[in-house]
Amino acid sequence: AFEVLVIGGGPAGAAAAIYTARKGFTTGIAAERFGGQLHDTLGIENLPGTAYTEGPKLAGELAGHVGQYDIDVMNLAKAVRLVPAAQDGGLHTVELGNGASLKARSLILATGARWRNLGVPGEAEYRNKGVAYCPHCDGPLFKGKRIAVIGGGNSGVEAAIDLAKIVGHVTLIEYDDHLRADAVLQAKLQSMGNVEIITSGQTTQISGDGDRVDGLVVKDRASGEERRIALEGVFIQIGLVPNTEWLADSGLELSPHGEIVTDSEGRTNLPGILGAGDVTTVPYKQIVVAMGDGSKAGLSAFDYLIRNEAT
Ligand code: FAD
(Lines give C-alpha, C1' and ligand atoms only; values in the text may rest on other atoms or scores of the structure.)
Protein backbone atom coordinates (compact mmCIF):
# COMPACT_ATOMS: atom_id res chain seq x y z
CA ALA A 1 0.00 0.00 0.00
CA PHE A 2 1.06 3.58 -0.63
CA GLU A 3 1.09 6.29 1.99
CA VAL A 4 -0.18 8.66 -0.71
CA LEU A 5 -1.81 7.70 -3.99
CA VAL A 6 -2.54 10.44 -6.51
CA ILE A 7 -5.20 9.78 -9.11
CA GLY A 8 -4.53 11.89 -12.21
CA GLY A 9 -1.28 13.03 -13.78
CA GLY A 10 -2.03 16.57 -14.93
CA PRO A 11 -0.47 19.72 -13.43
CA ALA A 12 -2.40 19.22 -10.16
CA GLY A 13 -1.53 15.53 -9.71
CA ALA A 14 2.14 16.02 -10.65
CA ALA A 15 2.52 18.90 -8.18
CA ALA A 16 0.82 16.92 -5.39
CA ALA A 17 3.09 13.89 -5.91
CA ILE A 18 6.28 16.00 -5.93
CA TYR A 19 5.25 17.54 -2.59
CA THR A 20 4.41 14.25 -0.86
CA ALA A 21 7.50 12.47 -2.22
CA ARG A 22 9.65 15.32 -0.89
CA LYS A 23 8.08 14.74 2.54
CA GLY A 24 9.37 11.18 2.37
CA PHE A 25 6.03 9.44 1.86
CA THR A 26 5.71 6.46 -0.46
CA THR A 27 3.82 7.99 -3.36
CA GLY A 28 2.13 6.60 -6.43
CA ILE A 29 0.40 8.27 -9.38
CA ALA A 30 -2.25 6.43 -11.40
CA ALA A 31 -3.18 8.40 -14.52
CA GLU A 32 -5.21 7.60 -17.57
CA ARG A 33 -2.95 9.91 -19.59
CA PHE A 34 0.00 11.53 -17.80
CA GLY A 35 0.05 15.25 -18.68
CA GLY A 36 -3.73 15.58 -18.90
CA GLN A 37 -5.16 18.56 -20.75
CA LEU A 38 -1.65 19.82 -21.48
CA HIS A 39 -1.61 17.45 -24.43
CA ASP A 40 -4.48 19.40 -26.00
CA THR A 41 -2.84 22.79 -25.46
CA LEU A 42 -0.61 24.53 -27.93
CA GLY A 43 0.87 27.81 -26.73
CA ILE A 44 0.93 28.63 -23.01
CA GLU A 45 1.73 32.26 -22.23
CA ASN A 46 0.28 32.68 -18.73
CA LEU A 47 2.44 30.45 -16.56
CA PRO A 48 4.34 33.05 -14.52
CA GLY A 49 8.09 32.74 -14.95
CA THR A 50 7.74 30.94 -18.27
CA ALA A 51 6.92 33.51 -20.95
CA TYR A 52 6.10 30.86 -23.56
CA THR A 53 5.86 27.11 -23.61
CA GLU A 54 3.74 24.45 -25.24
CA GLY A 55 1.48 21.90 -23.55
CA PRO A 56 3.24 18.68 -24.60
CA LYS A 57 6.63 20.23 -23.69
CA LEU A 58 5.38 21.17 -20.22
CA ALA A 59 3.89 17.68 -19.81
CA GLY A 60 7.32 16.21 -20.62
CA GLU A 61 8.99 18.51 -18.10
CA LEU A 62 6.48 17.52 -15.41
CA ALA A 63 7.18 13.84 -16.15
CA GLY A 64 10.92 14.55 -15.88
CA HIS A 65 10.49 16.37 -12.56
CA VAL A 66 8.28 13.60 -11.12
CA GLY A 67 10.88 11.10 -12.37
CA GLN A 68 13.54 12.67 -10.16
CA TYR A 69 11.76 11.26 -7.12
CA ASP A 70 10.92 7.76 -6.07
CA ILE A 71 7.33 8.05 -7.33
CA ASP A 72 5.62 4.99 -8.76
CA VAL A 73 3.98 6.34 -11.95
CA MET A 74 1.30 4.13 -13.44
CA ASN A 75 0.35 5.61 -16.80
CA LEU A 76 -2.66 4.40 -18.83
CA ALA A 77 -4.27 3.43 -15.51
CA LYS A 78 -7.90 4.45 -15.34
CA ALA A 79 -9.60 4.55 -11.94
CA VAL A 80 -13.13 3.17 -12.13
CA ARG A 81 -14.19 3.00 -8.46
CA LEU A 82 -13.30 4.44 -5.07
CA VAL A 83 -13.92 2.52 -1.86
CA PRO A 84 -13.12 4.79 1.09
CA ALA A 85 -11.52 3.38 4.25
CA ALA A 86 -13.96 1.75 6.64
CA GLN A 87 -12.42 3.57 9.62
CA ASP A 88 -10.32 6.72 10.19
CA GLY A 89 -6.67 6.12 9.39
CA GLY A 90 -7.53 2.96 7.41
CA LEU A 91 -6.69 2.16 3.80
CA HIS A 92 -8.69 3.57 0.89
CA THR A 93 -9.02 1.40 -2.21
CA VAL A 94 -9.06 2.53 -5.84
CA GLU A 95 -10.08 -0.01 -8.44
CA LEU A 96 -8.60 0.29 -11.92
CA GLY A 97 -10.15 -0.50 -15.28
CA ASN A 98 -7.68 -3.37 -15.80
CA GLY A 99 -9.04 -5.16 -12.71
CA ALA A 100 -6.18 -4.26 -10.36
CA SER A 101 -6.77 -2.34 -7.16
CA LEU A 102 -4.49 0.03 -5.30
CA LYS A 103 -4.54 0.91 -1.61
CA ALA A 104 -3.36 4.02 0.19
CA ARG A 105 -3.77 5.78 3.52
CA SER A 106 -4.28 9.09 1.81
CA LEU A 107 -5.66 9.81 -1.65
CA ILE A 108 -5.33 12.93 -3.75
CA LEU A 109 -7.96 13.03 -6.47
CA ALA A 110 -6.85 15.17 -9.42
CA THR A 111 -8.69 13.73 -12.41
CA GLY A 112 -9.28 17.08 -14.09
CA ALA A 113 -12.05 18.08 -16.43
CA ARG A 114 -12.91 18.28 -20.09
CA TRP A 115 -14.54 21.06 -22.08
CA ARG A 116 -17.95 20.14 -23.43
CA ASN A 117 -17.77 20.02 -27.22
CA LEU A 118 -20.37 21.47 -29.56
CA GLY A 119 -20.13 18.41 -31.78
CA VAL A 120 -20.45 20.23 -35.12
CA PRO A 121 -18.40 19.75 -38.29
CA GLY A 122 -15.17 21.77 -38.21
CA GLU A 123 -14.87 21.91 -34.41
CA ALA A 124 -12.33 19.12 -34.00
CA GLU A 125 -10.58 19.92 -37.29
CA TYR A 126 -9.90 23.54 -36.32
CA ARG A 127 -9.18 23.02 -32.61
CA ASN A 128 -6.25 25.32 -31.72
CA LYS A 129 -6.57 26.77 -35.25
CA GLY A 130 -9.28 29.25 -34.36
CA VAL A 131 -11.50 27.01 -32.22
CA ALA A 132 -10.72 27.77 -28.56
CA TYR A 133 -12.17 26.96 -25.16
CA CYS A 134 -10.26 29.17 -22.71
CA PRO A 135 -10.60 32.97 -23.02
CA HIS A 136 -7.94 33.61 -20.32
CA CYS A 137 -5.48 31.52 -22.30
CA ASP A 138 -6.21 32.30 -25.92
CA GLY A 139 -8.01 35.68 -25.91
CA PRO A 140 -4.88 37.74 -26.70
CA LEU A 141 -4.22 35.61 -29.80
CA PHE A 142 -7.32 37.18 -31.39
CA LYS A 143 -6.41 40.83 -30.78
CA GLY A 144 -8.38 43.04 -33.18
CA LYS A 145 -10.04 40.06 -34.88
CA ARG A 146 -13.66 38.91 -35.21
CA ILE A 147 -14.75 36.10 -32.96
CA ALA A 148 -17.87 34.33 -31.76
CA VAL A 149 -18.62 33.02 -28.29
CA ILE A 150 -20.98 30.05 -28.22
CA GLY A 151 -23.02 29.86 -25.01
CA GLY A 152 -25.01 32.51 -23.13
CA GLY A 153 -24.65 31.26 -19.56
CA ASN A 154 -22.39 33.01 -17.05
CA SER A 155 -19.16 31.64 -18.52
CA GLY A 156 -20.14 32.55 -22.10
CA VAL A 157 -21.23 36.08 -21.23
CA GLU A 158 -18.16 36.61 -19.00
CA ALA A 159 -15.98 35.40 -21.86
CA ALA A 160 -17.71 37.76 -24.30
CA ILE A 161 -17.20 40.75 -21.95
CA ASP A 162 -13.56 39.79 -21.47
CA LEU A 163 -12.91 39.24 -25.18
CA ALA A 164 -14.77 42.35 -26.36
CA LYS A 165 -12.02 44.41 -24.72
CA ILE A 166 -9.33 42.65 -26.74
CA VAL A 167 -10.80 41.58 -30.08
CA GLY A 168 -12.40 43.66 -32.83
CA HIS A 169 -15.90 42.21 -32.72
CA VAL A 170 -17.77 39.58 -30.71
CA THR A 171 -20.89 37.67 -31.76
CA LEU A 172 -22.45 35.86 -28.81
CA ILE A 173 -24.63 32.92 -29.83
CA GLU A 174 -27.14 31.33 -27.41
CA TYR A 175 -29.19 28.27 -28.31
CA ASP A 176 -32.07 29.15 -25.98
CA ASP A 177 -34.42 32.08 -26.73
CA HIS A 178 -32.82 34.14 -23.94
CA LEU A 179 -29.43 34.52 -22.24
CA ARG A 180 -29.08 32.58 -18.99
CA ALA A 181 -26.30 34.68 -17.43
CA ASP A 182 -26.82 36.91 -14.37
CA ALA A 183 -28.66 40.16 -15.23
CA VAL A 184 -25.68 42.32 -14.25
CA LEU A 185 -23.45 40.48 -16.74
CA GLN A 186 -26.06 40.74 -19.50
CA ALA A 187 -26.38 44.49 -18.91
CA LYS A 188 -22.61 44.91 -19.05
CA LEU A 189 -22.41 42.95 -22.31
CA GLN A 190 -25.24 44.92 -23.89
CA SER A 191 -23.47 48.17 -23.05
CA MET A 192 -20.41 47.23 -25.10
CA GLY A 193 -20.23 48.71 -28.59
CA ASN A 194 -18.65 45.85 -30.52
CA VAL A 195 -20.95 42.99 -29.54
CA GLU A 196 -23.87 41.35 -31.35
CA ILE A 197 -26.10 38.94 -29.40
CA ILE A 198 -27.95 36.17 -31.23
CA THR A 199 -30.52 34.10 -29.31
CA SER A 200 -32.33 30.97 -30.57
CA GLY A 201 -29.18 30.38 -32.60
CA GLN A 202 -27.96 26.91 -33.38
CA THR A 203 -24.39 26.75 -34.63
CA THR A 204 -24.41 24.06 -37.30
CA GLN A 205 -20.91 24.30 -38.73
CA ILE A 206 -17.49 25.88 -38.20
CA SER A 207 -15.74 26.50 -41.49
CA GLY A 208 -12.14 27.15 -42.44
CA ASP A 209 -9.71 27.48 -45.31
CA GLY A 210 -8.00 24.21 -44.48
CA ASP A 211 -5.55 26.02 -42.23
CA ARG A 212 -7.60 28.23 -39.93
CA VAL A 213 -11.19 29.09 -39.06
CA ASP A 214 -12.83 31.57 -41.46
CA GLY A 215 -16.46 31.51 -40.30
CA LEU A 216 -19.43 29.68 -38.92
CA VAL A 217 -23.00 28.94 -39.87
CA VAL A 218 -25.80 29.69 -37.42
CA LYS A 219 -29.41 28.61 -37.89
CA ASP A 220 -32.29 30.62 -36.46
CA ARG A 221 -34.24 27.97 -34.51
CA ALA A 222 -37.53 29.85 -34.99
CA SER A 223 -37.39 30.52 -38.74
CA GLY A 224 -34.97 27.79 -39.80
CA GLU A 225 -33.00 30.39 -41.75
CA GLU A 226 -29.23 29.93 -41.93
CA ARG A 227 -26.71 32.73 -41.81
CA ARG A 228 -22.96 32.60 -42.42
CA ILE A 229 -20.75 34.80 -40.26
CA ALA A 230 -17.18 35.51 -41.35
CA LEU A 231 -14.74 35.48 -38.41
CA GLU A 232 -11.35 34.28 -37.25
CA GLY A 233 -12.12 32.63 -33.91
CA VAL A 234 -14.80 30.65 -32.07
CA PHE A 235 -14.78 30.29 -28.27
CA ILE A 236 -16.96 27.43 -27.09
CA GLN A 237 -18.36 28.05 -23.60
CA ILE A 238 -21.02 25.43 -23.04
CA GLY A 239 -19.60 23.86 -19.92
CA LEU A 240 -16.63 22.18 -18.31
CA VAL A 241 -17.32 18.60 -17.27
CA PRO A 242 -15.38 17.28 -14.24
CA ASN A 243 -14.03 13.72 -14.55
CA THR A 244 -15.91 12.38 -11.54
CA GLU A 245 -18.20 9.76 -13.10
CA TRP A 246 -16.11 7.06 -11.37
CA LEU A 247 -16.83 8.57 -7.93
CA ALA A 248 -20.61 8.39 -8.22
CA ASP A 249 -21.43 5.94 -5.42
CA SER A 250 -18.35 6.48 -3.22
CA GLY A 251 -19.90 8.76 -0.59
CA LEU A 252 -17.65 11.62 -1.70
CA GLU A 253 -19.49 14.94 -1.76
CA LEU A 254 -19.89 16.42 -5.26
CA SER A 255 -21.31 19.83 -6.21
CA PRO A 256 -24.44 20.12 -8.40
CA HIS A 257 -22.02 20.39 -11.36
CA GLY A 258 -20.34 17.13 -10.37
CA GLU A 259 -17.16 18.75 -9.00
CA ILE A 260 -15.45 17.38 -5.88
CA VAL A 261 -16.27 19.76 -3.02
CA THR A 262 -13.02 20.81 -1.32
CA ASP A 263 -12.24 23.30 1.44
CA SER A 264 -9.42 25.85 1.41
CA GLU A 265 -6.92 23.09 2.26
CA GLY A 266 -8.11 20.67 -0.40
CA ARG A 267 -9.96 18.44 2.07
CA THR A 268 -13.10 16.58 0.95
CA ASN A 269 -15.88 15.33 3.21
CA LEU A 270 -13.97 12.02 3.66
CA PRO A 271 -10.95 11.97 6.04
CA GLY A 272 -7.62 11.45 4.27
CA ILE A 273 -9.10 12.07 0.80
CA LEU A 274 -8.03 15.35 -0.81
CA GLY A 275 -9.01 16.88 -4.13
CA ALA A 276 -7.00 19.21 -6.38
CA GLY A 277 -7.27 21.09 -9.66
CA ASP A 278 -9.95 21.28 -12.33
CA VAL A 279 -11.92 18.33 -10.89
CA THR A 280 -12.77 20.30 -7.74
CA THR A 281 -14.92 23.30 -6.84
CA VAL A 282 -11.80 25.53 -6.82
CA PRO A 283 -12.60 28.48 -9.08
CA TYR A 284 -10.58 29.41 -12.21
CA LYS A 285 -9.42 26.39 -14.12
CA GLN A 286 -5.84 27.21 -15.05
CA ILE A 287 -2.47 25.44 -15.02
CA VAL A 288 -0.93 27.66 -12.35
CA VAL A 289 -4.06 27.33 -10.20
CA ALA A 290 -4.03 23.52 -10.60
CA MET A 291 -0.34 23.35 -9.67
CA GLY A 292 -0.91 25.50 -6.58
CA ASP A 293 -3.92 23.43 -5.66
CA GLY A 294 -1.98 20.17 -6.06
CA SER A 295 0.82 21.45 -3.83
CA LYS A 296 -1.75 22.43 -1.22
CA ALA A 297 -3.37 18.99 -1.34
CA GLY A 298 0.07 17.38 -1.00
CA LEU A 299 0.76 19.39 2.14
CA SER A 300 -2.71 18.57 3.47
CA ALA A 301 -2.02 14.86 2.94
CA PHE A 302 1.19 15.32 4.97
CA ASP A 303 -0.81 17.02 7.70
CA TYR A 304 -3.36 14.18 7.71
CA LEU A 305 -0.72 11.43 7.78
CA ILE A 306 1.27 12.85 10.69
CA ARG A 307 -1.89 13.29 12.76
CA ASN A 308 -3.51 9.92 12.02
CA GLU A 309 -1.63 6.77 12.91
CA ALA A 310 -2.05 3.82 10.58
CA THR A 311 -4.77 1.44 11.81
P1 FAD B 1 -5.99 17.70 -16.13
O2 FAD B 1 -4.93 18.43 -16.87
O3 FAD B 1 -7.33 17.54 -16.77
O4 FAD B 1 -5.41 16.27 -15.75
C5 FAD B 1 -6.24 15.25 -15.26
C6 FAD B 1 -5.47 13.95 -15.15
O7 FAD B 1 -6.34 12.95 -14.62
C8 FAD B 1 -4.98 13.38 -16.47
O9 FAD B 1 -3.76 12.71 -16.26
C10 FAD B 1 -6.08 12.40 -16.85
O11 FAD B 1 -5.66 11.40 -17.76
C12 FAD B 1 -6.37 11.81 -15.49
N13 FAD B 1 -7.66 11.13 -15.33
C14 FAD B 1 -8.91 11.54 -15.66
N15 FAD B 1 -9.83 10.62 -15.30
C16 FAD B 1 -9.12 9.60 -14.72
C17 FAD B 1 -9.47 8.34 -14.14
N18 FAD B 1 -10.76 7.94 -14.04
N19 FAD B 1 -8.48 7.54 -13.67
C20 FAD B 1 -7.17 7.92 -13.74
N21 FAD B 1 -6.79 9.11 -14.26
C22 FAD B 1 -7.75 9.93 -14.75
N23 FAD B 1 -4.52 26.71 -18.71
C24 FAD B 1 -3.61 27.70 -18.59
O25 FAD B 1 -3.25 28.08 -17.48
N26 FAD B 1 -3.05 28.27 -19.71
C27 FAD B 1 -3.37 27.89 -20.97
O28 FAD B 1 -2.86 28.45 -21.96
C29 FAD B 1 -4.34 26.84 -21.13
N30 FAD B 1 -4.76 26.45 -22.36
C31 FAD B 1 -5.65 25.43 -22.46
C32 FAD B 1 -6.00 24.99 -23.75
C33 FAD B 1 -6.87 23.94 -23.91
C34 FAD B 1 -7.23 23.48 -25.30
C35 FAD B 1 -7.39 23.27 -22.76
C36 FAD B 1 -8.30 22.08 -22.92
C37 FAD B 1 -7.06 23.71 -21.48
C38 FAD B 1 -6.19 24.79 -21.32
N39 FAD B 1 -5.83 25.27 -20.06
C40 FAD B 1 -4.90 26.27 -19.94
C41 FAD B 1 -6.42 24.69 -18.83
C42 FAD B 1 -5.43 23.72 -18.15
O43 FAD B 1 -4.98 22.79 -19.11
C44 FAD B 1 -6.09 23.04 -16.97
O45 FAD B 1 -6.57 23.99 -16.05
C46 FAD B 1 -5.11 22.10 -16.24
O47 FAD B 1 -4.57 21.14 -17.11
C48 FAD B 1 -5.82 21.40 -15.08
O49 FAD B 1 -4.94 20.49 -14.48
P50 FAD B 1 -5.47 19.24 -13.67
O51 FAD B 1 -4.26 18.49 -13.25
O52 FAD B 1 -6.43 19.68 -12.65
O53 FAD B 1 -6.33 18.38 -14.70
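In what order do the 3 strands of the open sheet stand, and is their pairing parallel or antiparallel? The order is S14-S15-S16, and the pairing is antiparallel; strands are DSSP runs of E of at least two residues, helices are runs of H or I of at least four, and both are numbered from the N terminus. Two strands pair if DSSP finds at least two bridges between them. The model is predicted, with local features requiring pLDDT of at least 70 and side-chain atom pairs counted only at pLDDT 80 or more, while totals for chains, interfaces and linings use all residues. Residues are numbered from 1 along each chain as its sequence is written.

Strands S14 (201–208) and S16 (226–230) are at the edges of the sheet, each with a single partner strand, so one side of each has no neighbour in the sheet. S14 is joined to S15 (residues 213–220) by 7 bridges, and Gln205 stands opposite Val217 in S15.

Helices H1 (residues 11–22) and H2 (residues 55–67) pack at about 20°, with their axes 10 Å apart; axes are lines fitted to C-alpha atoms, for helices over the stretch in contact, and angles run from 0 to 180 degrees between N-to-C directions. H1 is therefore roughly parallel to H2, a term for angles under 35 degrees. In H1, Pro11, Ala14, Ala17 and Ile18 meet Leu62, His65 and Val66 in H2, contact being defined by C-beta atoms, placed from the backbone, within 7 Å.

Among the 39 residues around the ligand, Gly8, Gly10, Gly36, Gly112 and Gly277 come nearest; a residue is near if its C-beta atom, placed from the backbone, lies within 6 Å.

Notes
Parallel < 35°, antiparallel > 145°, perpendicular 65-115°, else oblique. Contact = placed C-beta atoms within 7 Å.
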